[in-house]
Amino acid sequence: MEIYDVSMAIHKNMPVYKNIESKRPFLKRVKSFEEDGINESEINMNLHTGTHIDAPLHVFKDGDSIEKIDIKKLITKCKVLDLTGIKMVTEDELKVKEIEKESFVILKTDNSYRDEFNAEFVFLEKSGAKYLADLNIKGVGIDALGIERGQIGHPTHNTIINNGAIIIEGLRLKEIKEGEYMMYALPLNIVGGDGAPARVILTK
Ligand SMILES: [Zn+2]
């Protein structure tokens with residue numbers, strides 16, 4: 001069995017959304033081996049930094065928080081679609097792919113080949129989101145820190161989440177070829193969280 005880790009490493013120089021300083025993780029040593037006989041650290045990090053899962057609460061005032069997402073929905077077969085070479089993922093790009101109803105879809109784009117935050121990142125455009133929602137997908141993952149950009153009112157988030165589907169952002173898919181995989185996406189169980197960092201593994 002091949003095992004692929006498609007999560008981002010968490011460190012202070014990692015790419016963060018719009019390069020906003022406050023979104024950088026801050027790791028602080030609070031006990032040291034020299035003084036306390038053990039090393040112990042704490043971390044201060046935005047829940048949407050790095051590879052993470054959005055909870056409905058992220059875009060809906062009274063939406064469910066992350067602990068309410070059924071983890072069984074995140075241990076599932078999924079299909080990686082190779083969408084490299086395009087600027088945004090619209091219905092037209094998705095229509096030519098074979099996407100089964102109620103499947104979990106992972107969008108691999110040029111984002112996976114860039115290690116810096118790029119303001120022009122490839123995103124799921126609203127017509128693409130509607131197309132996936134009409135197929136009743138279980139969820140969608142993308143290799144961008146945001147699944148959409150520059151769309152007033154966040155129609156992509158709203159369409160996907162309103163349809164009961166899950167959004168995973170910040171995947172790293174450079175090594176992953178188009179095809180079917182088993183996915184294990186495990187968000188930290190942060191009660192009340194509007195999202196949570198996750199380690200995401202694909203196997204084949
Ligand atoms: Zn997010």
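Okay, so H3 and H4 are roughly parallel to each other, where roughly parallel means an angle under 35 degrees. This is a predicted model, where local features need pLDDT of at least 70, side-chain atom pairs count only at pLDDT 80 or more, and totals for chains, interfaces and linings use all residues. Residues are numbered from 1 along each chain as its sequence is written.

Back to the helices. H3 covers residues 126-134 and H4 residues 155-162; their axes come within 8 Å and cross at roughly 5°. The axes are lines fitted to C-alpha atoms over the stretch in contact, with angles from 0 to 180 degrees between N-to-C directions. On the H3 side you've got Lys-126, Ala-129, Lys-130, Leu-132 and Ala-133, and on the H4 side Pro-155, Thr-156, Thr-159 and Ile-160. Contact here means C-beta atoms, placed from the backbone, within 7 Å.

Leaving out residues up to four places away in sequence, Val-105 touches Leu-132 and Val-140, among others. Leu-132 is also one of the H3 residues in the contact with H4.

Zooming out, buried residues are 39% of the 204 in the chain. Of the contacts between residues at least 6 apart in sequence, 73% join residues at least 24 apart. And the C-alpha trace spans about 60 × 40 × 35 Å along its principal axes.

Notes:
Helix = DSSP H or I, 4+ residues; strand = E, 2+ residues; numbered from the N terminus. Parallel < 35°, antiparallel > 145°, perpendicular 65-115°, else oblique. Contact = placed C-beta atoms within 7 Å. Buried ≥ 20, exposed ≤ 12 C-beta atoms within 10 Å, placed from the backbone.
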